[in-house]
Amino acid sequence: MNTAKPDSGPAGTTTGSTPAPFPTPPLFIAIGRGAVGLCPACGKTRLFTGYLRVAEVCTVCGAPLGEVRADDGPPVFTILIAGAIVVTLLVVMESTMNLSILTEAAILLPLMLIVCLGLLRPIKGGTLGLMLQIGMIKPPTQ
Ligand SMILES: [Zn+2]
């Protein structure tokens, strides 16, 4: 994961501003690092200080992780993915098994909760990695 050469490509290249003061790896590297819970910029420290609480600043590279605000994006992506999984299972169960609605609910509702809780953190990390890499950083004064 760590490379000898420095990462290239400043964040916010479309604005023509000065290069970011932290490493900006390629897009999919940043998304992958965020999805596994590491700093998207350097990959050396943890992105989260809690289940979903993001560290304010990376202690290794200085990336302003707390200024990257994903807001409602990760929950929306999570619901879309989890809904597709659970609804597909519901359709398969309806067409192949003869279960009562209560049995299906007893299986699928806890599954929906588990899938949502399992996906939310990696999706939030990946979203933060994407946003940090493309320069979607919002200072706290705005
Ligand atoms: Zn870092």
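In which helix does Ala 82 lie? Ala 82 belongs to helix α2, which covers residues 73–96; helices (H or I, at least four residues) and strands (E, at least two) are DSSP runs, numbered from the N terminus. The model is predicted: local features need pLDDT of at least 70, side-chain atom pairs count only at pLDDT 80 or more, and totals for chains, interfaces and linings use all residues. Residue numbers start from 1 along each chain as its sequence is written.

**Overall fold and confidence**

- The chain has three helices and zero strands, and its elements run α-α-α from the N terminus on.
- Of its 142 residues, 27% count as buried; a residue is buried if 20 or more other C-beta atoms lie within 10 Å of its own, exposed if 12 or fewer, and partly exposed in between, with C-beta atoms placed from the backbone.
- Among contacts in the chain with a separation of 6 or more, 56% are between residues 24 or more positions apart; two residues are in contact if their C-beta atoms, placed from the backbone, lie within 7 Å.
- Mean pLDDT, the predictor's confidence in each residue from 0 to 100, is 85 for the chain, and 85% of the residues reach 70 or more.
- Residues 1–16 have pLDDT below 50, and this stretch has 19 contacts in the model beyond near neighbours in sequence.
- Where pLDDT is low, predicted coordinates should not be read in detail.

**Packing of α1 and α3**

- Two packed helices are described by the angle and the distance between their axes.
- The axes of α1 and α3 come within 6 Å and cross at roughly 145 degrees; axes are lines fitted to C-alpha atoms, for helices over the stretch in contact, and angles run from 0 to 180 degrees between N-to-C directions.
- The crossing of α1 and α3 is right-handed; a crossing is left-handed if the near helix is turned anticlockwise from the far one by less than a right angle, and right-handed if clockwise.
- On the α1 side, the residues that meet α3 are Leu 27, Ala 30, Ile 31, Arg 33, Gly 34 and Ala 35.
- On the α3 side, they are Pro 122, Gly 125, Gly 126, Leu 128, Gly 129, Leu 130, Leu 132 and Gln 133.
- By class, this contact has eight nonpolar, five polar and one charged residues; Ala, Val, Leu, Ile, Met, Phe, Trp, Tyr, Cys and Pro count as nonpolar, Asp, Glu, Lys and Arg as charged, and the others, Gly among them, as polar.
- Helix α1 (residues 27–35) has Ala 30, Ile 31, Arg 33, Gly 34 and Ala 35 as its buried residues, and what covers them includes α3 (101–133).
- Gly 32, also in α1, counts as partly exposed because it has 19 C-beta neighbours inside 10 Å.

**Nonpolar core**

- The largest nonpolar core has 19 residues, and those with the most contacts inside it are Cys 39, Ala 41 and Ala 63; such a core is a set of buried Ala, Val, Leu, Ile, Met, Phe, Trp, Tyr and Cys residues joined through C-beta atoms within 7 Å.
- Helices α1 and α3 each supply at least two residues of this core, and the largest share, four residues, comes from α3.
- Leaving aside neighbours within four places in sequence, Ala 63 is in contact with Phe 22, Cys 39, Ala 41, Cys 58 and Leu 132.

- Ala 82 counts as buried because it has 21 C-beta neighbours inside 10 Å.
- Beyond neighbours within four places in sequence, Ala 82 is in contact with Met 112, Val 115, Cys 116 and Leu 119.
- Ala 82 and Met 112 are 30 residues apart along the chain, and their C-alpha atoms are separated by 6.5 Å.

- Gly 37 follows α1 and has a positive phi, near 90 degrees.
- Asp 71, in the loop between α1 and α2, has a positive phi near 50 degrees although it is not glycine.
- Most residues other than glycine have a negative phi.
- Asp 71 is exposed, with 10 other C-beta atoms within 10 Å.
- Arg 46 is in the loop between α1 and α2 and is partly exposed, with 13 other C-beta atoms within 10 Å.
- Ile 134, in the segment after α3, is partly exposed with 16 C-beta neighbours inside 10 Å.
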